[in-house]
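Subject: Structure handover

Hello,

Here is the structure I promised to pass on. Please open it alongside this message.

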Amino acid sequence: MRFVDEFRDRKIARDLGAEIARLARPGRQYKFMEVCGGHTHTIYKHGIEDYLPQNVTLVHGPGCPVCVIPMGRIDDAMFIARQPGVTLTCFGDMMRVPGGSGSFLDASAGGADVRMVYSPLDALRVAQRNPDRHVVFMAIGFETTAPSTALTLLRAAADNASNFSVFCNHVTIVPAIKAILDSPDLRLDGFLGPGHVSTVIGCRPYQFIAQEFARPVVVAGFEPLDVLDSVRLLLKQLEEGRCEVENQYTRVVPWDGNAKAIEVIRRTMELRPHFEWRGLGFISQSALRLREEFARFDAERIFRLPGVRVADPKACQCGEVLKGVLKPWECKVFGTACTPETPIGTCMVSSEGACAAYYNFGRFSRERMQEVVR
Amino acid sequence: MCLAIPGQIERLIPGTDLATADVSGVKRNINIGLVEPEGIAPGDWVLIHVGFAMSKIDEEEARTSLEFLQTMGQAFADEMAAMQQKPPGESG
């Protein structure tokens, strides 16, 4: 499958496109949101929209974990990094994310000890090999990544690590989807459910979308044909008057998720009363913090964080892009003041961000081009 | 960091929840604690995210998924580079 075997795949894609065109009623507009940055990447990289009729649009949601971290949390992490004897570790994607006073790269250039790690376990290893430093891991990510942080915390506890802590910024996808559904800005007709998050939480948590909001959800794989097939399944549900949660990605996603992964998250973390998301504002019970039993590994309890809320730069419209209200190219600074080399907003930083994906793969159809140069 | 990459388990490391996996030719120790309940043995394929196996997949899915990831260009190259890097401050 998937455009690798060019001839066969292009034919399947065209067939799926034809079926989609048949299912989409003329005169009706369909807007489907993909909530996962991986899908956004595939859609632009492989020009998925070229296979869709004009009245079927894909809207990009808040599924890029790097993109949704608000500037205030970056500044808090910078504060930690500047403490004497502290080493801050983070995923490579975080290095260029702008905070209120520069990025981690800038902090590193200014003498702070900030190091990229591939895995939270590597951060723990840095701590164990550098007993004279206090090593903080900046944890970000949805439910896909939270179990890895959870197992690392359990490891740190078992090893009785005394110089390791976690600055926890894990977020949960369902409250963000609910916030978007509750917002009057955007009318959506259905959702492409996130593939990797769903390997952990399974498909059940999306049932409220079908039951309370009467919108279909299809948990989708990441390959071009997966995305097209999922759009087809969404349209088919609408055509047949159904609203259900379907799993297109059964090759990887079990309906009930990964019980062990959920269990280790629950053992180490609990929901915060509220958490600020870039662009979406404060969403209640939408993020995780460490449980009291893990207080000695909690950077938020160890350091007195400023916790200051920092507004996004005026020119930046990441918030509107993350909510799907604006397409990347509709942002005032897209591709001019804001580029992947000198990003103003988070959506331009991560390769999963809608703006970076759009910028890098520039899928300008003729009509879009007219919108851009309007 | 968002990518999940297929790898094949080569060897379980006794007394730990780690295993050596072959990821696109790169050997790396990964944590298999999250998939242990499914039963993991050498030769199995798993989807790896930030050094942890997230789910067991079949060989066909692993191969097609790897082919797909290779079409992603820079994002895949960055992930493989991150995976190969030794943790900072570590030698050898």
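Below is what I found in it, taken topic by topic.

First, a caution: this is a predicted model.

The sheet in chain A

Chain A holds an open sheet of 5 strands. The order is S2-S1-S7-S8-S9, and the pairing is parallel. Strand S2 (56–60) and strand S9 (245–247) of chain A are the edge strands, each pairing on one side only. On average, neighbouring strands of this sheet are turned by 25° against each other, direction ignored. Helix H10 (residues 224–239) of chain A packs on the sheet. H10 touches strand S1 (30–34), S2, strand S7 (190–193), S8 and S9 of chain A. The direction of H10 makes about 145° with that of S7(A).

Now look at one pair in that sheet. Strand S8 (residues 217–219) of chain A runs parallel to S9(A), with 3 bridges between them. Val218(A) sits opposite Glu246(A) of S9(A).

Helix H7 of chain A

Which residues of helix H7 (residues 173–182) of chain A are buried? They are Ile173(A), Ala176(A), Ile177(A) and Ile180(A). Viewed down the axis of H7(A), these buried residues fall within an arc of 100°, so they line one face of the helix. The general rule is that an α-helix has 3.6 residues a turn, so residues three or four places apart point the same way. The cover over the buried residues of H7(A) includes S7, helix H8 (195–201), helix H9 (207–213), strand S11 (274–277) and strand S12 (281–284) of chain A.

Helices H2 and H14 of chain A

Helix H2 (residues 37–45) and helix H14 (residues 354–361) of chain A pack at an angle of about 20°. Their axes are 9 Å apart. Angles under 35 degrees count as roughly parallel, so H2(A) is roughly parallel to H14(A). The crossing of H2(A) past H14(A) is right-handed. From H2(A), Thr40(A), His41(A), Tyr44(A) and Lys45(A) meet Ala354(A), Ala357(A), Tyr358(A) and Phe361(A) in H14(A).

H14(A) is mostly covered, with 6 of its 8 residues buried. Ala354(A), Cys355(A), Ala356(A), Ala357(A), Tyr358(A) and Tyr359(A) are the buried ones. Their cover includes H2, S2 and helix H13 (318–322) of chain A.

A hairpin in chain B

In chain B, strand S2 (residues 18–23) and strand S3 (residues 26–31) pair in the antiparallel sense over 6 bridges. Thr20(B) has Asn29(B) in S3(B) as its bridge partner. S2(B) and S3(B) form a hairpin, with 2 residues between them.

Two positive phi values

Most residues other than glycine have a negative phi. Ser24(B), in the turn of that hairpin, has a positive phi of about 55°. Ser24(B) counts as partly exposed, with 15 C-beta neighbours inside 10 Å. Ala214(A) is not a glycine either, yet has a positive phi of about 50°. Ala214(A) lies in the loop between H9 and S8 of chain A. Is Ala214(A) buried or exposed? Ala214(A) is exposed, with 8 other C-beta atoms within 10 Å.

Where the chains meet

In all, 31 residues of chain B are in contact with 38 residues of chain A. On the chain B side, strand S4 (45–49), strand S5 (52–57), helix H1 (59–70) and helix H2 (74–84) each give two or more residues. H2(B) gives the most, with 5 residues.

Best wishes

Methods:
Residues numbered from 1 in each chain as written. Chains lettered and ligands numbered in written order. Predicted model: local features only at pLDDT ≥ 70, side-chain atom pairs only at ≥ 80, totals over all residues. Pairing = 2+ DSSP bridges. Helix = DSSP H or I, 4+ residues; strand = E, 2+ residues; numbered from the N terminus. Axes fitted to C-alpha atoms, helices over the stretch in contact; angles between N-to-C directions. Contact = placed C-beta atoms within 7 Å. Buried ≥ 20, exposed ≤ 12 C-beta atoms within 10 Å, placed from the backbone. Arc of directions from axis to C-beta. Parallel < 35°, antiparallel > 145°, perpendicular 65-115°, else oblique. Left-handed = near helix turned anticlockwise from the far one by under 90°.
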